[in-house]
Amino acid sequence: MSWLWAIIVGFVLGLIAKAILPGKQHQPLWLTTLFGIIGSVLGNAVATWIGVADTRGIDWTRHLLQLAGAVLVVGLGEMAYKSMRGGKRQMT
């Protein structure tokens, strides 16, 4: 069940990160979800490292760190995806 939640959270965070980033992102939805999962894991690691992973109530700091991680990974992933695809996608 934790894998299902990771996919759902990664999907939602990836979409929010794409909405936050300026311009149009060209990566496919499955890659956005994967980047969101990676960003979420990165945010959880930072939250654990600074000691705010488990608090009483809603873990707002952890959630913000997860979102920040997703924005970072989606942004870097978009740059890598564009460079691998030759900058702009060719219309066929």
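What share of the contacts in the chain with a separation of 6 or more comes from residues 24 or more positions apart? The figure is 64%, where a contact means heavy atoms within 4.5 Å.

## What you are looking at

This is a predicted model, in which local features need pLDDT of at least 70 and side-chain atom pairs count only at pLDDT 80 or more, while totals for chains, interfaces and linings use all residues. Residues are numbered from 1 along each chain as its sequence is written, and side-chain values use heavy atoms, with hydrogens and water left out.

## The overall layout

The chain has three helices and zero strands, so reading from the N terminus you get α-α-α, given that helices (H or I, at least four residues) and strands (E, at least two) are DSSP runs, numbered from the N terminus. Taken along the principal axes, the C-alpha atoms fill a box of roughly 55 × 25 × 20 Å.

How much of it is tucked away? Of the 92 residues, 30% count as buried. Here buried means under 20% relative accessible area, exposed means over 50%, and partly exposed is in between (1.4 Å probe, protein chains only).

## Where α1 meets α2

Helix α1 (residues 2–20) packs against helix α2 (residues 29–50) at an angle of about 105°, and their axes are 7 Å apart. Those axes are lines fitted to C-alpha atoms, for helices over the stretch in contact, with angles running from 0 to 180 degrees between N-to-C directions. That makes the two helices, α1 and α2, roughly perpendicular; the cut-offs are 65 to 115 degrees for roughly perpendicular, under 35 for roughly parallel, over 145 for roughly antiparallel, and oblique for the rest.

On the α1 side, the contact includes A6, I7, V9 and G10, while α2 brings L29, T32, T33, G36, I37 and S40. Sorted by class, this contact has eight nonpolar, six polar and one charged residues. In this scheme Ala, Val, Leu, Ile, Met, Phe, Trp, Tyr, Cys and Pro count as nonpolar, Asp, Glu, Lys and Arg as charged, and the others, Gly among them, as polar.

## The largest pocket

The largest pocket has a volume of about 160 Å³. On a 1 Å grid over the protein atoms alone, a pocket is an open set of points where a 1.4 Å probe fits, with protein on both sides within 12 Å along at least five of seven lines, and lining residues have an atom within 4 Å of a point. Grid points are joined across faces, edges and corners, and a volume is the space filled by probe spheres set on the points.

Its lining is made of A6, V9, G10, I37, S40, V41, N44, R62, H63 and Q66. Each of α1, α2 and α3 (60–84) supplies at least two residues of that lining, and α2 gives the most, with four. By class, the lining has four nonpolar, five polar and one charged residues.

Start with Q66, which sits in helix α3. With a relative accessible area of 7%, Q66 is buried. Leaving aside residues up to four places away in sequence, Q66 touches L13, G39, S40, G43 and N44.

Next comes L42, in helix α2, which counts as partly exposed at 36% relative accessibility. With the sequence neighbours up to four places away not counted, L42 touches G69, L72 and V73. Finally, I8 lies in helix α1 and is partly exposed, at 36% relative accessibility. The C-alpha atoms of I8 and A45, 37 residues apart along the chain, are 19 Å from each other.
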